[in-house]
Each structure stands twice: as C-alpha cells, then as structure tokens.
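My notes follow in the order I made them.

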Amino acid sequence: MQQFAHDTVVVLDFGAQYSQLIARRVRELHVYSQIVPYTISADDLRALAPKGIIFSGGPASVGTEGSPRPDAGIFELGIPILGICYGLQVMSVMNGGAVQRPEHREYGLANLDILDVPSRLLHGVPQGSQVWMSHGDSVVKIPSGFVNTGSTPNCRYTVIEDDGRKWYGVQFHPEVVHSTDGTKILSNFVLDICRAKADWSMDSFIGQAIEDIRTKVGDRQVLCGLSGGVDSSVAAVLIHKAIGDQLVCVFVNNGLLRKGEADMVLKLFRDNFNIRLQYADAEKDFLDALAGVSEPEAKRKIIGKVFIDTFYREARKAGDVSFLAQGTLYPDVIESKSPSGGPSATIKSHHNVGGLPSDLKWELLEPLRELFKDEVRELGKELGLPDELVYRHPFPGPGLGVRCVGEVTKQRLDTLRDVDAIFIDEIRKARLYDDIWQALACLLPVKSVGVQGDERTYEEVCSLRAVTSEDAMTADWFRFPPEVLQRAANRICNEVAGVNRVLYDITSKPPGTIEWE
Ligand code: XMP
C-alpha cells in the first residue's frame with residue numbers, strides 16, 4: 001500500500017453508520033482522513049504511516065462469536081488510537097478489559113460528568129457537555145493503564161484514557177452534531193495527541209486523487225456518462241485532469257432536459273474544458289417510445305431502457321474502454337454491515353447506468369466515493385466549474401418525463417420548459433435559489449377555464465413546487481414571500497402559451513414525494 005502524501009488519520013471501519021462522518025470531521029480539521037476496512041493487517045497499516053487511528057463504532061456485540069476484531073498487531077504499532085463506541089469496547093476486551101450487556105440499551109442524549117483527573121482528550125470540554133449515546137454493551141472493566149475521565153448517569157466508563165500508550169476511548173459519538181463538543185474532542189485527539197499537521201485542503205485532495213486515478217487507469221480508456229448534474233460533472237473534470245484524452249464522456253440528450261441545458265453542457269465541457277465528448281441527440285427515440293404512455297412507472301421504465309440502449313450504442317463507438325466512471329458519492333454507497341465481508345458497495349438503483357448489459361466488462365472508477373455532497377461542491381469550485389452548475393438543485397435522471405404528468409409530448413415538454421425557466425428565474429432574481437433544496441414545475445393533464453384580454457381560454461394547469469430538505473428523504477414546502485409567487489404566476493400566464501392557471505404545492509414529504517410523476 002502506498003503511503004499518504006499528507007499527515008493522515010485512518011478510520012478503521014467496523015461497519016458503523018458513521019464511519020464516513022468521522023473521516024469527514026477529521027478532514028474538517030484540515031487533516032486527511034480515509035476509511036480502511038477493520039480487516040487491514042498491522043503491516044499494511046504501518047505501511048500507510050498514519051499519525052493516528054480511529055476505531056469506528058459498529059453494529060456488532062463484542063461478546064458475540066465472530067464479532068469483528070482488528071489485527072492485534074495494530075496495538076503494537078505505537079500509533080495513537082481513539083476507539084469510538086464499538087471501537088472502545090473492542091480495544092478494551094482485546095487488552096484485558098471486559099464488556100457487558102446491561103438490561104437497557106442506551107440511546108439518546110446524556111450529559112458528561114467530567115471526572116476530577118487530568119484529561120488530554122477532554123481538554124477544554126465543559127462540565128455537563130451534551131453527548132449522544134447509542135449502545136447496547138458497556139465497558140465494565142477497563143484494561144490496566146487506563147484512567148476513567150468521564151461518565152454519564154447510565155455508563156461509568158464513557159471516556160477512558162491511557163496517556164502512556166496514547167490510547168483513548170469514548171462510548172458516545174463525538175462525530176455527530178448532537179455531541180456539542182465532539183469536534184473539540186476529535187481535535188484534541190487529531191491535532192494535540194496525534195500531532196497531525198493541519199495542512200490538508202480540497203486542493204491536496206485533487207493532487208492525491210489524480211495520482212490514484214493515474215495509477216489505477218494506466219494507459220487505458222475511461223468512459224463517463226455526463227448528466228449535467230454536479231456529481232458526474234465533477235467526476236469528469238477531475239478524471240480529465242488526471243488522464244486527459246483517455247477520458248471519453250457520453251452525454252445523452254433525452255429530450256427531457258431543462259431549457260438550454262444541452263447547450264450548456266456541450267459548451268462547458270467541449271469548449272471550456274476541452275473534454276472529448278460524444279453527444280447523442282436521442283430526443284426522437286425517447287419521445288417516440290413515450291408516445292401515448294401516461295402511467296408513471298411505465299414512463300420511467302421506457303426512459304430507463306432507451307437511455308441504456310443509447311448509452312450502450314455510444315459506448316461501443318467509444319472504442320476500447322476499460323473503466324466506467326461514476327460520480328458516486330458516499331451517501332450513494334450502501335455499506336455492507338457483514339462483519340466478514342467488509343465494506344462492499346451497491347449503486348443506487350436509479351443511477352442511470354446501473355442496468356447496462358453485462359457483456360461490457362468495465363471496472364468502476366468512482367473518485368468521489370469518499371465525499372459528501374458539500375465536499376464535492378467545494379471540489380467542483382476548486383476545479384473551476386461554474387457556480388451555476390456546482391450549486392444546482394438536484395434533477396432526476398428521467399428529467400421532465402416525471403414532471404410532465406400524463407402524456408409526454410414535445411409540445412407539452414416545451415411548455416413545461418418555459419414554465420420551469422420562468423419559475424427558476426424568479427427564484428434566482430429573489431435570491432432564494434440557495435435557500436431551496438429543489439424547485440420544480442409540473443404540467444398537469446387538467447384543463448381549466450380562464451379569461452385573457454376579453455377572451456375565454458381553456459388551457460392546462462401547472463403546479464410549482466419548492467422544498468427544503470437535508471437529504472431528500474423528508475422535505476417541507478418552502479415559504480415564499482407571496483410577491484415572488486405572484487410574479488412567477490403572472491409571467492407564466494402571460495408568457496407561456498397553453499397555460500392559464502398556476503398552483504403552488506404545499507405538500508410535505510411524507511406524505512407527498514418531491515417529484516409528482
Ligand atoms: P422523490 O420524488 O422520491 O425524490 O421524493 C427524492 C429525490 O430524488 C430525485 N429523484 C431521482 N433522481 N433518478 C434520479 O437521479 C430518478 O429516477 C429520480 N427520481 C427522483 C428527486 O428529484 C429528489 O431530489
């Protein structure tokens with residue numbers, strides 16, 4: 001294994017939900033952090049020369065046979081260790097301590113009682129600091145050499161420290177925001193105890209990622225599907241920086257894009273970034289296949305199938321390709337919790353290239369899979385992508401196909417594109433775009449009577465929707481100042497032929513979804 005270019009703190013992953021969050025918190029301290037499976041050998045870990053090791057939490061119980069254990073040689077490396085939750089427990093039992101399952105598992109907030117003994121880990125943390133606990137087992141006997149420095153009402157050994165060996169353990173989760181001084185505790189470990197240099201930034205990530213991509217790809221070719229969204233765009237620009245013309249991008253215009261989107265993508269990637277780009281104008285194929293279909297799932301299936309056929313055709317044209325690049329981010333990666341299998345990944349089913357024919361034997365190249373969305377945005381800015389793209393709202397793969405409720409025709413799509421463009425324009429003018437998770441317009445298969453000039457009209461209805469959200473799993477409707485909606489509605493009725501009524505959707509998710517379909 002290759003040594004890191006920067007001081008690094010490695011997170012040993014025991015299958016925790018929060019491993020990536022730990023790594024991210026360390027990166028926020030400007031120290032590089034990477035996850036490795038808990039099965040890594042002590043020799044491989046030594047070769048990486050990390051400044052510190054964090055044992056993550058995990059769903060297993062240390063008392064259970066076959067529960068994950070790190071290589072015991074890791075305790076001989078002389079590198080500082082911080083065990084979190086399961087990490088604390090496994091460190092304890094492997095060094096002469098004991099763990100028991102109390103009657104009640106503890107889940108939720110607690111206040112930390114900082115004991116009257118010197119503590120490097122809790123330095124600067126106030127008495128009573130709020131911590132977030134989530135555990136079944138508790139340590140009931142600490143290994144010799146350790147001192148108990150913090151407790152909570154339900155857990156005596158909440159914080160233990162062995163300054164001699166530089167081993168530390170916390171039963172709570174310092175990486176989650178509910179632990180109010182969690183960052184301070186991680187910083188005490190990473191910066192003061194491990195003495196890692198805080199000199200890492202997105203810029204250094206780029207350097208490291210470029211090296212990794214070059215090593216992995218060699219002189220082979222990489223294919224990347226560009227959607228115009230931030231993830232695939234950042235992945236493409238990063239890979240292009242690493243291997244130049246060995247990267248071929250494919251951009252499929254499915255006819256379901258927003259107004260001006262295809263031109264924007266072509267101009268940006270071909271003209272500004274000089275990236276080899278195969279453009280497939282497949283609008284007619286998509287619209288022909290969708291003709292007469294109104295049922296949402298049927299539409300999605302057709303869009304997915306035509307996409308795959310088109311992408312496949314383009315891929316064949318691209319020649320001898322060895323890798324498929326994807327802008328998969330950490331939240332897209334579902335980690336296996338299987339103790340023996342280590343982290344394995346499946347790709348979200350709605351990633352549009354998921355269903356490609358199996359005779360294309362591509363390796364996956366996913367340079368963003370360690371990162372969170374906001375880190376990818378930072379990276380995109382660093383790589384010179386325009387703000388308009390970097391801070392763009394999410395847009396679904398099936399595009400306006402799911403927003404053109406009812407039959408999808410070129411005429412209805414053009415109408416919807418005009419409505420959407422006005423709505424987004426008014427949001428931008430009101431400087432509200434960045435306060436909104438996602439804003440969209442739908443065209444409904446409903447006609448209503450109106451009056452324009454002195455004429456009776458009988459036209460379609462459109463619905464506007466804007467939501468706030470953290471992760472799209474739940475969402476709330478956005479409270480617009482009324483005049484913004486008023487301006488949007490006026491302009492839509494005046495400027496877009498075929499629409500004479502505008503609704504604003506105030507459904508939260510659940511029970512509604514964000515898209516209408
Ligand atoms: P819903 O409508 O389920 O959407 O509340 C949640 C988020 O996912 C987006 N979405 C999709 N994204 N392909 C995608 O790439 C899809 O098929 C798809 N369907 C929904 C949606 O825009 C929202 O951000």
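**Entry 1: helix 6 against helix 10**

I am working from a predicted model. I started with the pair formed by helix 6 (230–243) and helix 10 (residues 373–382). Their axes come within 10 Å and cross at roughly 45°. Helix 6 and helix 10 are therefore oblique to each other. I noted the crossing of helix 6 and helix 10 as left-handed. I then listed who makes the contact. Helix 6 brings Val230, Asp231, Val234 and Leu238, and helix 10 brings Lys373, Val376, Leu379 and Gly380. By class, the residues of this contact of helix 6 with helix 10 are five nonpolar, one polar and two charged.

**Entry 2: the buried side of helix 10**

Which residues of helix 10 are buried? I found Glu375, Val376, Leu379 and Gly380. They sit on the same side of helix 10, because they cover an arc of only 145° around the axis. Next I asked what covers the buried residues of helix 10. The cover includes helix 1 (19–28), helix 5 (202–217), helix 6 and helix 11 (387–390). I also checked what comes after helix 10. Glycine 384 follows helix 10, and its phi is positive, near 90°.

**Entry 3: glutamate 375**

Glutamate 375 lies in helix 10. Is glutamate 375 buried or exposed? Its relative accessibility is 7%, so glutamate 375 counts as buried, the cut-off being under 20%. I set aside the neighbours within four places in sequence and looked for its contacts. Glutamate 375 touches Arg24, Arg27, Met202 and Glu370.

**Entry 4: helix 8 against helix 9**

I moved on to another helix pair. The axes of helix 8 (residues 283–290) and helix 9 (residues 296–317) come within 10 Å and cross at roughly 150°. That makes helix 8 roughly antiparallel to helix 9, since angles over 145 degrees count that way. This crossing of helix 8 and helix 9 is right-handed. From helix 8, I listed Asp285, Phe286, Ala289 and Leu290. From helix 9, they meet Lys299, Ile302, Ile303, Val306, Phe307, Thr310 and Arg313. The contact of helix 8 with helix 9 has seven nonpolar, one polar and three charged residues.

**Entry 5: alanine 282**

Alanine 282 counts as buried, because its relative accessibility is 2%. What does alanine 282 contact, leaving aside neighbours within four places in sequence? I found Val252, Asn253 and Thr310.

Most residues other than glycine have a negative phi, and most peptide bonds are trans.

Lysine 166 has a positive phi of about 60° although it is not a glycine. I placed lysine 166 in the loop between strand 11 (155–162) and strand 12 (167–170). Lysine 166 is partly exposed, with a relative accessible area of 30%.

Glutamate 517 also has a positive phi, near 70°, and is a residue other than glycine. Glutamate 517 is in the segment after strand 21. Its relative accessible area is 22%, so glutamate 517 is partly exposed.

Where are the cis peptide bonds I noted? One joins lysine 509 and proline 510, with omega about -10°. Another runs from proline 510 to proline 511, with omega near 10°. Proline 510 lies in the segment after strand 21 (499–504).

**Entry 6: the whole chain**

The protein chain has 13 helices and 21 strands. Of its 517 residues, 54% count as buried. The C-alpha atoms fill a box of roughly 90 × 55 × 40 Å, taken along the principal axes. I also looked at contacts between residues at least 6 apart in sequence. Of these contacts, 74% join residues at least 24 apart.

Note on methods: Residues numbered from 1 in each chain as written. Predicted model: local features only at pLDDT ≥ 70, side-chain atom pairs only at ≥ 80, totals over all residues. Heavy atoms only, no water. Buried < 20%, exposed > 50% of the residue type's maximum accessible area, 1.4 Å probe, protein only. Helix = DSSP H or I, 4+ residues; strand = E, 2+ residues; numbered from the N terminus. Arc of directions from axis to C-beta. Contact = heavy atoms within 4.5 Å. Axes fitted to C-alpha atoms, helices over the stretch in contact; angles between N-to-C directions. Parallel < 35°, antiparallel > 145°, perpendicular 65-115°, else oblique. Left-handed = near helix turned anticlockwise from the far one by under 90°. Nonpolar A, V, L, I, M, F, W, Y, C, P; charged D, E, K, R; others polar.
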